[in-house]
Amino acid sequence: MKLFNNLLFRVFIAILIGIVVGLYAPLWLNRAFVTFNKLFGSFLGFSIPLIIMGLVMPAIAELGKNAGKLLLVTVIIAYSFTIFSGFSTYFVGSALFPAVIGEQTLNSPTQETIERSLNPFFTINIPPILDVMSALVLAFMIGIGLSLKSNSTLGNVLKDFKDIITLVIGKVIIPLLPLYIMSIFSEIAYGGKVVSVINVFFKVIGIIFLMHIALLILQFVLAGLISGKNPIKSLLTMMPAYATALGTQSSAATIPVTLRQVVKMGVPERIASFVVPLCATIHLSGSTMKITACAMALLLMEGQIIEFESFSGLIMMLGIMMIAAPGVPGGAIMAALGLLQSMLGFDTQQQALMIALYIAMDSFGTACNVTGDGAVSLIVNKINKLYKKE
């Protein structure tokens, strides 16, 4: 039963069923699937601004209340690691993805099939109460304002709002995602585009896996140069945390193991107890890498150009938005959907494919995040020692 509770397994089964339905099921069943697709997509579009406000406002407010040198240092290092991950992914992806994806685009059906389209039985338009950028600006404005106040009534209201939004994500959106992804793949298969999509999926997943291993090595080499610790030994010490994150798919659930391994690397427990829980929230190098790479791949599949200007803005905003990601599998991609929609123009199909690609690698991204927390801890500990000497 535990296997069926795993989101990755459910998404994998949903993709398979969606392909079978799209290729072999009667028209009425495919139309039923596309009807659900449009309804859920409309609900998702309505929810995105609320998700941004419900997660970003309290995250910024809570971060500001713990102001201090150590907090500032940790935030800067975690943000720098996250931004480096995004930009390095962009440059590697720019070099590799065009050759890997080639002519396999969503706009070009395979030779064996003729592209067909499906119409839903009916649609319901649910317009969002705010557009994405308005929600984002409002979230920053209120979050920063609340960080300067203490015991605010609005702050308590926002905590309840965050709980509601997290509940909607965990109890409504995430459980329905497999069915949504199933409907997307049934439409893709019905239209004769499934072969190109699956081929690109496997290639992109393989490249991102190798990239996240390279990223961890670079992070620990840098941490080793600053702290004087052996980077290979430190990285191997963090492997139990890496393995735990593969199973839990949650940085928060892995905190006890991460904390234990960071202390084993020689970081004082006082520093580790501060840095590790904080980094579980603000350091998401692996998640940023996945989102950046998947977005590039999907744009190339649409025959679009991956412009540096668009992605540089996206990467820098992802470094902030990832702070708001809830501690549930797939939470990071839910927090990022608004940016993908507003900054890259992703439609509902692209968003659904992003979710499928992201969840397929969720374990590896989480493992990259928590293992990198060890490198951040080594650097923060060294800087803290330098502060004490002054």
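Where is the place of Phe364? Select Phe364 and you'll land in helix α16; helices here are DSSP runs of H or I with at least four residues, strands are E runs of at least two, and both are numbered from the N terminus.

Before you click on, know that this is a predicted model, in which local features need pLDDT of at least 70, side-chain atom pairs count only at pLDDT 80 or more, and totals for chains, interfaces and linings use all residues. Residues are numbered from 1 along each chain as its sequence is written, and side-chain values use heavy atoms, with hydrogens and water left out.

**Stop 1: Phe364**

Stay on Phe364, which counts as partly exposed because its relative accessibility is 31% (buried is under 20% relative accessible area, exposed is over 50%, partly exposed is in between, using a 1.4 Å probe and protein chains only).

**Stop 2: the nonpolar patch**

Keep Phe364 and also select Phe209, Leu210, Ile213, Ile217, Val221, Leu222, Leu225 and Ile226: together these residues form a nonpolar patch on the surface, with about 760 Å² of accessible area. Areas come from the Shrake-Rupley method with a 1.4 Å probe, and for residues only the protein chains shown count as cover. Patch residues have over 30% relative accessible area and no salt bridge; nonpolar side chains (Val, Leu, Ile, Met, Phe, Trp, Tyr) are joined within 5 Å, like charges within 9 Å. A salt bridge means a side-chain nitrogen of Lys or Arg within 4 Å of a carboxyl oxygen of Asp or Glu.

Which helix gives the most to the patch? Color α7 (residues 194–227), which supplies 8 residues. Leu225 lies in this helix, α7, and counts as exposed because its relative accessibility is 70%.

**Stop 3: the largest cavity**

Next, go inside. There are 2 cavities of 30 Å³ or more, and the largest has a volume of about 60 Å³. On a 1 Å grid over the protein atoms alone, a cavity is a set of points where a 1.4 Å probe fits but cannot get out, and lining residues have an atom within 4 Å of a point. Points are joined across faces, edges and corners, and the volume is the space filled by probe spheres set on them.

Show the lining of the largest cavity: Ile205, Ile208, Phe209, His212, Gly286, Met289, Lys290, Met361, Phe364 and Gly365. The elements giving two or more residues to this lining are α7, α12 (285–301) and α16 (362–389), and α7 gives the most, with 4.

**Stop 4**

Still in α12, pick Ser287. Ser287 is buried, because its relative accessible area is 2%. Its C-alpha is 8.0 Å from that of Met322, 35 residues apart in sequence.

Then jump to Leu353 in helix α15 (residues 348–360). Leu353 is buried, at 0% relative accessible area, and its C-alpha is separated by 8.0 Å from that of Leu298, 55 residues apart along the chain.

Terms used: 1 Å grid on protein atoms, 1.4 Å probe; cavity = no way out; pocket = protein on both sides within 12 Å on 5 of 7 lines; lining within 4 Å.
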